[in-house]
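Hello,

Here is the structure I promised to pass on. Please have a look at it first, and then read my notes below.

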Amino acid sequence: MLLEELKDKVAIITGAGSGIGRALAKGFAEYGAKVVIVDISLDNALETKDIVERCGGTSIALKCDVSNEQDVINMVKETIKQFNTVDILINGAGIINKIRVPVIELSVEDWDNVMNVNLRGTLLLSKHVGRVLCEKRDGAIINISSVAGKSPRMKSAPYSTSKAAVIHLTKILALEMAEYNVRVNAVCPGSTLTPMFEGDKKRNNNTTLEESMAATIEGDFKQFRMGIPLKRVAELEDQVNATLFLATSMSRHITGQMLFVDGGATIG
């Protein structure tokens, strides 16, 4: 089974303290990868580490602000110190705009906060981990974008724009790193049942994009699912499986591509 090739591979996963990132850490560890759990919250990263190790996996938890270049440099150095190398980078760290408002009401602070994590963070990790991968002439980078990067969402300019930029950056990285045998692709999740999505029972009109979608959990999914041809919201496992595929030789001739895991929502 090709997933067995992940055994003893070193995978850095940012944003792994919760949600999709945490599920990715667990999923990769289950196939034998050594997982570097990176999150701005060390407490959350340690919780993920506990989950991984209870499943028999090997991991380290590191606190890192992905928008801070020195933090990123230090994290990569510590990874090399602990595991000697890096084989896979998953840029999963991401945030959403605090308040859903049109651009004319958007604060520059909210714009900058989202861009710094979602885009600058992806750039910095790809730069510094990418150097390691290019030097060894082998590896894979998987960026977690979003369907919002393809289909713009009203009152979500920072998030949608950052995710569209991640898609374009993915293509540029794929072109630049191809000669070094480093593949770069992106997974673009649609609506996914994360704890944030399911836990929305307190939202009002001033909500973020994901928060407003999460509000449908409390009531009837019927109207929400109408826009998804497969008639269900994605589960964490769906995003993990897509990422595992792009991290292994099952996708050895695939680079610069976006894998939309959205139940067909972006078909038309």
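Helices (H or I, at least four residues) and strands (E, at least two) are DSSP runs, numbered from the N terminus. This is a predicted model, in which local features need pLDDT of at least 70, side-chain atom pairs count only at pLDDT 80 or more, and totals for chains, interfaces and linings use all residues. Residues are numbered from 1 along each chain as its sequence is written, and side-chain values use heavy atoms, with hydrogens and water left out.

Let me start with a loop residue. Lys 155 lies in the loop between E5 and helix H5 (157-177). Its phi is near 60°, a positive value in a residue other than glycine. Lys 155 has 41% relative accessibility and so counts as partly exposed (buried is under 20% relative accessible area, exposed over 50%, partly exposed in between, with a 1.4 Å probe and protein chains only).

Arg 137 sits in the loop between helix H4 (108-136) and strand E5 (139-144). Phi of Arg 137 is near 55°, again positive in a residue other than glycine. With a relative accessible area of 47%, Arg 137 is partly exposed.

Now for the helices. H4 and H5 pack at about 15°, their axes 9 Å apart; axes are lines fitted to C-alpha atoms, for helices over the stretch in contact, and angles run from 0 to 180 degrees between N-to-C directions. The two helices are therefore roughly parallel to each other (angles under 35 degrees count as roughly parallel, over 145 as roughly antiparallel, 65 to 115 as roughly perpendicular and the rest as oblique).

Best wishes
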